[in-house]
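This briefing is meant to be read beside the sequence and the coordinates.

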Amino acid sequence: MLTLKSILLVEDDPKDIELTLGSLEEYNLANEVFVARDGAEALDYLYRRGQFADYPSGNPAVILLDLKLPKIDGFEVLKTIRSDERLKFIPVAILTSSREHNDLIQGYKLGVNAYIVKPVDFHQFTDAIKKLGIFWAVLNEPPPGCVKKTT
Amino acid sequence: MTMPGADKRKEGHFLNAIAQASGALAAVTGLVAIFGWLTGNLLLASFGSPVPMALSTALLFILYGSAVFLRVRKPPGRIMYRIWMSIVSIGTFIAILLFFLSYLGIYLSIEHLGIPISGTAGGVPIGHISPLTAFCFILAGFSFLAALSSTPDSPGRAVAGFWLACLIMLTSFVLFLAYLLGTPLLYGGHFIPPALSTSLAFVALGIALLAFAILQIRSKSVTVEAVDKRAIKVLILVFLILAVGIISAGYFYYHSYEKKFRAEVERQLSAIAEMKVDELVDWRKERLGDAAVFYKNDNFSVRVRQYFKTPENAEAKTKLRTWIKQFQSAFEYDRIFLLDTRGVERMSVPDKPEPIAPHLLEHLSEIMRSRQVTFLDFHRDRPDQPIHLAILVPVLDGQEGGRVIGLLVFRIDPQKYLYPFINRWPMSGKTAETLIVRRDGNDALFLNEQKFQKNAALNLRIPLEKTEIPAVQAVLGHQGIVEGKDYRGSPVIASVRAVPDSPWFLVARMDISEVYTPLRERLWEIVILIGALLVCAGAGTGFVWRHQRARYYREKYEAAERIQKLNRTLAMLSDINQAIVRIRESQELFEQACRIAVEKGNFSLAWIGLLDDSTKELRVVASAGKSGVYLEKINISLMDDPKCYCPVDSALRKGEHVICNVIGQDEDLAPCQKIALDLGLHSSVSFPLKVSGSIRGTVNFYTDEPYFFDEEEIKMLDELAMDISFAMEFFEKETERKRMEEELKHNESRMIALLELNRMKNSTIQDITSFTLEEAIRLTESKIGYLAFLNEDETVMTMYAWSKTAMEECRISDKPIIYPVETTGLWGEAVRQRRPITTNDYRAPNPWKKSYPEGHVHITRHMNIPVFDGERIVLVAGVGNKPTDYNESDVNQLTLLMEGMWRIIQRQQAETKIKQLNAELEQRVIERTAQLEAANKELETFSYSVSHDLRAPIRHIAGFVELLTVNTARSLDEKSGRYLNIIADSTKHMGHLIDDILSFSRMGRAEMQQTLIKSDQLVKEAMNQLQPEMGGRNVAWDIRPLPEIYGDPSMLKLVWVNLISNALKYSRTQPHAKIEIGYNDDKDDHIFYIRDNGAGFDMMYVHKLFNIFQRLHRAEEFEGTGVGLANVRRIVQRHGGRTWAEGKVNEGATFYFSLPKAKKRLE
């Protein structure tokens, strides 16, 4: 029995969101994806505060995090997650356009679990997203406290 | 002055010349003889003697003569020595052979050398060598060989050679003398006599050999004394040899002359005897012929018969008488008379009756029986009667067998004809006479009258026992020449003969004493000649001896004198040497040396001249003795051509001693000759004085004696000159040493001053210059000093510092500070001439000097220098009033000090400037760094945003085009589909471009690691990475071993990936792609390369190859962004290496990159 876990996608670009979700949809992963459009929203979501205060508690199985975000950027989000006792075990995969070495280093320094450069090629991109979704949302056993949904 | 050595040499030359000339003469004589033989002109071979020189003789003369000539002319080396030895040995051997052949009378025609020669002279064949000649050649050969082979160890051989040569001389002399006196030796004998030319040539050869032998003896060096002791013996021997030669020559000559003369006399005697005998025979025949007229004459018989029958018959009587009378008168008969058989005289003519001699009657009766004509020999009719001869003719009755009817007597008076005829002598001769004798019993009876004995005819008889008497010998039957005593007992020589058909014997005789008279005269002549020659020889040897003695004593005297002289010189030498040891000052030494030379060495004048360093003129520094104005006139300079060739000048130029033996005769001395002669100087010698090889001057000695300087004297003086030179060198070195010490001290002082100056970094220039000036004054031992700087164009001097003393002493109130270079006085000269100027005699007039103003420091000496900075004079420093002269060292010290000071001032200025610049620079760096950092930041932000923000839209385009394509796959027409594809491709390309730009930019910024990399491994990894691109490709890989290097692995891997990827890409059109990866080891670099056989490129564009976005192929051919190689270059450059490529269109390309071997290469 496969357990689908929820995915938090932090992405400001709607085109990317569409493409990402489009890719995840192929494996029916899209439904469990919550999209946060900036770092603040992502944190609000994670902390269930503000507009998300009423959301049921539970951590996502994985956070797909873009780095360049309005308001609070990806690294800051990551930093906040890793410094929070409740959130710090959430696997975070950086999904970014940046191939910058510094970003890579910075990401791993802050305890990212994966660093994926978004391929320009659509096929490669969808392929990567799919694999990512399968791995984190399906195959990976998340740390305790994460939302699970049995299909 | 004569030197024994020179004498000996002179004699040697003389002997040499003699030997050469004589040898050549002998050889030439031989040549002339051969020429004579060849041309048939025998006079050339004989010189007029009856025998000519044989060809063999001539050849030997050429051989020997040229041998001596050449040997003496040029003493041979070892090889020549052997050649001469062998040639002359062969010659000697030939001579020995010829000697024996000639001696034994074996004359081989080979001796004629093919020239047809025949004929004889003196009974022997010509054209052959005389045994005497051959013998002489043997002697000559031995003489030459002995002399030639003599060595210093065995001078005896040369002596032997000498004596052998003497022997040849003697022999040749005798031979020549013989010719001189008329007859060649051996002439007419059994042996071949030597020719006149041979004799002469031997004289020459003998002289040559003699000279050669003497030369050889000489060369073995014999001392004068030994020569003298030997000389007398030698001279006596020479004289004896000459005497023996002269005497024996005389003796031989006389002997031969005597023989010749005797032969002549004998020939005369024989001729006379023969003639007389012939005439006697004729006479007798005539007389018998007369008788025959009447004998058996019928007419006569008839007339006689008639007359006897009838004596009265006057007619018969008259007729008979007439007949007889005719006969008597015609034939000068003494008396013809007719007897009858009874012995009665019947008729006589002249008609004067004489008594009949009784012996006639005896004959009558005998004739009547024999009826033959009878010759009645010398007889006397009676003892008191004169001597008569008679022919008795019987008168026969009837023709045949008739009885004798009478006797006709023809009485002959020998006095009338016969005796005078016999006694007649055809030549002058006091004792010469002819006599006839007949045997009378046991006696020889003289028939005619004798010169020396009266009434000898028929009276003088000599018993036959006395055979020593020629007459007796004649009677006894001897014929020819006999010697004996005559009737008087005096020795005679006679030719005896029998007169045929008669009892007579004829003796033509002559006293031996008379025969020998001319011989004796000749003997006297010879004796006188010999005597004269002996006297001459004696005188000659005596003269030579006297000469020798004189020379001996002269040499002894000269030796003594020389020793005295040498002693003097030695004393002088010793004194001067002592002076050299004692005296420490050159001038004093020179004066002492000259003084000692005059006082001890007895020289008339001695002086020493030294060359002036600058003018190169000889300056007289010391002299002693009579110099007069002579030394003032000496004007010698090496700068120009020699004014004269006097010994001084020549010694100076040649660097060796030069002697003038007779000043009065030496034309080279013209300028000073007269003065020297007036001073009584007659010979001189000059020696160069050399200090460390260079000539500094001369030391000269003069004497009042010509030819004073001999070899030994010169040798000693030479030594003296060397000693003085040595002393000079010592002084110079000493001075030099002192100077060096002084300089060292000054140097040290200067160094300390400079060190001090160095410490004055923070002082002002004024402090520095003042300090330096005081130091300069101290260093140069000066009293005052100044220092002025020059402006840029060296036209104005600015006085910057005066020494304290100068300041104190100066009374000028308003001192000028600025001095234009052009108008400044003496001290501006250093700038104008651009060199240090030293004025040690300031008071002396000087064109540059301007009088200093009132109140100026008094100056006695002055020296200043310009200080250069490169070509430019920057300052002038001067010092003055040193107690002694300023010298080179002062100039150096001042220059070095001031230059040091200038450097320090310069450095100080430079330091200040550098500090300022550093500060500025630092500020600038800070600014620049900030700018750079800002720019970097900006760049980073830029690339970040590019990375992020540029990629996103592209990705979106790509994504949505894809989605569009999928969604519209069915509804879209083909064209639109293609457009979508193009958009998709372009987007993809854009994505690649951005990725590549980002990576390129990253490469420039990324930090580099530094690890040891195995290149092989790196290449393998790169290849692995490129595996997808290799799919399905047929590539022949050739990967060579690669070295380990230091570098950034990921970067270098990227390099390899790029390069291999390129190679794969551009070789994919090749069916058999070949890629070679290799490595060349260079000195400093690792050089890697990758070679493919792909599309290659045109070398024209090679320079563009590594530029970013630069592509050499169209995108349709080979895709790409043009960043790969740019990245390669960037990485390699960051590693400190280089990249380059080679290629050819369609033939492949090779890409190289180098990495430095050293680790430090990193930027």
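What percentage of the 1163 residues of chain B count as buried? The share is 38%, where buried means that 20 or more other C-beta atoms, placed from the backbone, lie within 10 Å of a residue's own, exposed means 12 or fewer, and partly exposed means in between. This is a predicted model, in which local features need pLDDT of at least 70 and side-chain atom pairs count only at pLDDT 80 or more, while totals for chains, interfaces and linings use all residues. Residues are numbered from 1 along each chain as its sequence is written, and chains are lettered from A and ligands numbered from 1 in the order in which they are written.

**Chains**
- Chain B has 28 helices and 31 strands, these being DSSP runs numbered from the N terminus (helices H or I, at least four residues; strands E, at least two).
- In chain B, 64% of the contacts with a separation of 6 or more join residues 24 or more positions apart, a contact being a pair of residues whose C-beta atoms, placed from the backbone, lie within 7 Å.
- Chain A, with 151 residues, has 43% of them buried, and its five helices and seven strands follow the order β-β-α-β-α-β-α-β-α-β-α-β from the N terminus.
- For chain A, residues 24 or more positions apart supply 70% of the contacts with a separation of 6 or more.

- Neighbours within four places in sequence left aside, the contacts of B:L209 include B:V68, B:F144, B:A165 and B:I168.

**Contact between the chains**
- Chain B brings 16 residues to the contact and chain A brings 15 residues.
- On the side of chain B that touches chain A, the elements giving two or more residues are α23 (888-967) and α24 (974-1005) of chain B, and α23(B) gives the most, with eleven residues.
- That side of chain B comprises six nonpolar, five polar and five charged residues, with Ala, Val, Leu, Ile, Met, Phe, Trp, Tyr, Cys and Pro counted as nonpolar, Asp, Glu, Lys and Arg as charged, and the others, Gly among them, as polar.

**An open sheet in chain B**
- Six strands with antiparallel pairing form an open sheet in the order β10-β9-β8-β13-β12-β11 (chain B), where two strands pair if DSSP finds at least two bridges between them.
- Because β10 (461-463) and β11 (480-485) of chain B each have a single partner strand, one side of each is left without a neighbour in the sheet.
- Strand β9 (residues 443-446) of chain B is joined to β10(B) by three bridges in the antiparallel sense, and B:D443 stands opposite B:P463 in β10(B).

**Helix α4 of chain B**
- The buried residues of α4(B), including B:V88, B:G91, B:L98 and B:F99, pack against α3 (55-73) and α5 (131-149) of chain B.
- Just after α4(B), B:G105 has a positive phi of about 75°.

**Backbone details**
- The peptide bond from B:V349 to B:P350 is cis, with omega near -5°, and B:P350 is in the loop between β4 (345-349) and α11 (358-370) of chain B.
- B:R371, although not a glycine, has a positive phi of about 55°, and B:R371 is partly exposed, with 15 other C-beta atoms within 10 Å.

Key. Contact = placed C-beta atoms within 7 Å.
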